Amino acid sequence: MNDEQFMRRALELAARTEDEVPVGAVVVLDGKVVGAGWNRPLATHDPTSHAEIEAIRAAGKATGNYRLTGATLYVTLEPCTMCVGAIFIARIARVVYGAADPKAGAADLFMSRHNFHAKVQGGILAEECGAVLKQFFAARR
């Protein structure tokens with residue numbers, strides 16, 4: 001599978017959200033999805049239940065290790081500061097996101113002076129990822 005195919009899987013997960021911002025994420029290791037998640041902070045009463053965190057938690061359980069060295073995280077929206085921190089701690093090697101988040105996105109932190117650096121690529125299926133978010137917010141207005 002390629003980046004677009006994994007991002008399409010993340011988009012499918014974003015569709016699972018109910019009354020939550022529609023964001024989906026998958027963690028891929030050795031060409032296989034080992035973790036998947038979607039935004040659930042309202043459903044779980046947990047502000048940390050972002051799609052990325054849910055996918056990282058699932059991947060950790062599946063692999064038996066919180067270190068996901070060599071993994072790629074695909075997420076439909078640019079990660080926030082909290083999620084970037086979790087990505088660093090998990091040692092995810094690469095992050096691929098769809099739509100940019102000009103208000104809360106923190107992809108610039110991947111370029112900071114931490115002892116670990118993940119490669120980051122934005123814009124994969126950006127229009128489709130952005131359209132899902134625009135539809136959600138338009139319906140709420």
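# A tour of helix α3 and its partners

Helices α3 and α4 are roughly parallel to each other, a term that applies to angles under 35 degrees, whereas over 145 counts as roughly antiparallel, 65 to 115 as roughly perpendicular and the rest as oblique. This is a predicted model, in which local features need pLDDT of at least 70, side-chain atom pairs count only at pLDDT 80 or more, and totals for chains, interfaces and linings use all residues. Residues are numbered from 1 along each chain as its sequence is written, and side-chain values use heavy atoms, with hydrogens and water left out.

**First stop: the helix pair**

Select residues 51-63 for helix α3 and residues 81-90 for helix α4; helices are DSSP runs of H or I with at least four residues, strands are runs of E with at least two, and both are numbered from the N terminus. The two axes come within 9 Å and cross at roughly 20°. Each axis is a line fitted to C-alpha atoms, for helices over the stretch in contact, and angles run from 0 to 180 degrees between N-to-C directions. The crossing of α3 past α4 is left-handed, meaning that the near helix is turned anticlockwise from the far one by less than a right angle.

Next, display the side chains of E52, I53 and I56 on α3, together with M82, C83, A86, I87 and A90 on α4; these residues make the contact, defined as heavy atoms within 4.5 Å. They divide into 7 nonpolar, no polar and 1 charged, where Ala, Val, Leu, Ile, Met, Phe, Trp, Tyr, Cys and Pro count as nonpolar, Asp, Glu, Lys and Arg as charged, and the others, Gly among them, as polar.

**Second stop: the salt-bridge network**

Now select R40, D46, E54 and R57, which are linked in a network of salt bridges. A salt bridge is a side-chain nitrogen of Lys or Arg within 4 Å of a carboxyl oxygen of Asp or Glu, and the count by this rule comes to 6.

Begin with R40 and E54, whose closest N and O atoms are 3.4 Å apart. R40 lies in the loop between β2 (32-38) and α2 (41-44) and E54 in helix α3, so this pair ties together parts 14 residues apart in sequence. R40 is partly exposed at 29% relative accessible area, while E54 is buried at 14% (buried is under 20%, exposed over 50%, partly exposed in between, with a 1.4 Å probe and protein chains only).

Being 3 residues apart, R57 and E54 are separated by about one helical turn.

Finally, move to D46, in the loop between α2 and α3. The salt bridge of D46 with R57 has its closest N and O atoms 4.0 Å apart. D46 is partly exposed at 22%, and R57 is also partly exposed, at 37%.
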